[in-house]
Amino acid sequence: MTFFFDPPLKMIELIIKIISSFSLSRRTGNDTLLAKWVDYVEEIYVKFLFELLSKDLETYHHSLRVGNMANIFADQLNFSNEQKQKLIIGCCLHDCGKILISNEVLNKEGSLTPKEWEVMKCHPIMGMRLLLAEGDIDEEIIDIVKFHHERLDGLGYPFGMKGEEIPIHARICTIIDAYDSMLSNRAYRKGISPLKAREELLKHCTTQFDEFYVREFLSIPEHLLETREIGCELKDYYSINTLQTRG
Ligand SMILES: [Fe+2]
C-alpha cells in the first residue's frame, strides 16, 4: 500500500485550514462577538474529531479518510470552495453520533444482536442532535451527518428517504463511506480490494447509490483514493484538558 499522506499530519492541517477559511469567509469586519462565534464554531468541529479519536480509533481514522476522499471528489465535481468545505467537514463528522454509542456495541467482535443493531442505527440522529445542541452549525453539514445512511431505494435508515429527497452532499458521503468501509478490515471480516469495492458500488447503483455520483467517483484514478491508517493525533493541536468529555 502506498501512503497518500506525507507527512501524516497533513490531513489535520488541511482540515484546520479548511475550517479556518470556511469560518473566515463568513466573518465581516472586526465584530468581536462575531469573531468569538467563529472561534467557537471552529472549535466544535475539531472537538468532535477529537472525541471520536478518544472514543474509537478506527472510526476516527475512517472519518479522516472519508474527509480526504471528499476533498478529492469535490475537485472532480468542480465544487465551489464553499461547497467543497462543507462536504469535507460533513464527511469528517459523518459518524460523530458514534461518540454516544456504547463501546460494547461500537467495538463488538462478531455480529450485533437485533437490539444492538437498532442502537447502532441511531448514530445519524445522535450525530444530528450533537451538532444541533452546539448551536449555529451549517444545515448542509448537519444533513450529511443525518442522511449518510439513506439509500436511493428508500431502504436506508433512519428516515427511509428516497432518491432526490436525499441531499446531494449526503448521497456523495454515502458513496465514499461505503467505499472506505469495504476496503477496511473489521474484527469480523477482511477488507476487499479497491477493484472489488468499485464493482460493488456499480452493482448497487440505482438501488443503494446515486449512479451519476458513483460514475464520477469511479472516474477518479484509483491511486488518488488510496488510504492508510493516519497516525496524526488531534491532541497535538488541542489539549485534552481543554475539552469537555461526554458522559
Ligand atoms: Fe455511519
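This is a predicted model: local features need pLDDT of at least 70, side-chain atom pairs count only at pLDDT 80 or more; totals for chains, interfaces and linings use all residues.
Local features were taken only where pLDDT is at least 70 and side-chain atom pairs only at pLDDT 80 or more, whereas totals for chains, interfaces and linings use all residues. Residues are numbered from 1 along each chain as its sequence is written.

The protein chain contains eleven helices and zero strands, where helices (H or I, at least four residues) and strands (E, at least two) are DSSP runs numbered from the N terminus. Its order along the sequence is accordingly written α-α-α-α-α-α-α-α-α-α-α. Of the 247 residues in the protein chain, 35% are buried; a residue is buried if 20 or more other C-beta atoms lie within 10 Å of its own, exposed if 12 or fewer, and partly exposed in between, with C-beta atoms placed from the backbone. Among contacts (C-beta atoms, placed from the backbone, within 7 Å) between residues at least 6 apart in sequence, 67% join residues at least 24 apart.

The largest nonpolar core comprises 44 residues, a nonpolar core being a set of buried Ala, Val, Leu, Ile, Met, Phe, Trp, Tyr and Cys residues joined through C-beta atoms within 7 Å. The members that touch the most other members are A70, C91, L93, I175 and I176. At least two residues of this core come from each of α2 (32-55), α3 (57-76), α4 (81-93), α7 (123-134), α8 (139-147), α9, α10 and α11. When residues up to four places away in sequence are not counted, I175 touches L201, F209, Y213, V214 and F217.

Helix α9 (residues 168-183) and helix α11 (residues 211-218) have axes that come within 10 Å and cross at roughly 50°. Axes are lines fitted to C-alpha atoms, for helices over the stretch in contact, and angles run from 0 to 180 degrees between N-to-C directions. The angle makes α9 oblique to α11; angles under 35 degrees count as roughly parallel, over 145 as roughly antiparallel, 65 to 115 as roughly perpendicular and the rest as oblique. The crossing of α9 with α11 is right-handed, a crossing being right-handed if the near helix is turned clockwise from the far one by less than a right angle, and left-handed if anticlockwise. Residues R171, I172 and I175 of α9 and Y213, V214 and F217 of α11 form the contact. By class, this contact of α9 with α11 has five nonpolar, no polar and one charged residues, with Ala, Val, Leu, Ile, Met, Phe, Trp, Tyr, Cys and Pro counted as nonpolar, Asp, Glu, Lys and Arg as charged, and the others, Gly among them, as polar.

Helix α9 also packs with α3, at an angle of about 125° and with the axes 9 Å apart. This angle makes α3 oblique to α9, and the crossing of the two is right-handed. On the α3 side, H62, R65, V66, M69, A70 and F73 meet I172, I176, D177 and D180 of α9. The contact of α3 with α9 has six nonpolar, one polar and three charged residues.

Two loop residues were also examined. D210, in the loop between α10 (194-203) and α11, counts as buried because 22 C-beta neighbours lie inside 10 Å. Leaving aside neighbours within four places in sequence, D210 is in contact with L152 and R171. The C-alpha atoms of D210 and T174 are separated by 9.2 Å, although these residues are 36 residues apart along the chain. F159, in the loop between α8 and α9, is partly exposed, with 15 other C-beta atoms within 10 Å. F159 and F147 are twelve residues apart in sequence, with a C-alpha to C-alpha distance of 7.9 Å.

Technical notes
Two residues are in contact if their C-beta atoms, placed from the backbone, lie within 7 Å.
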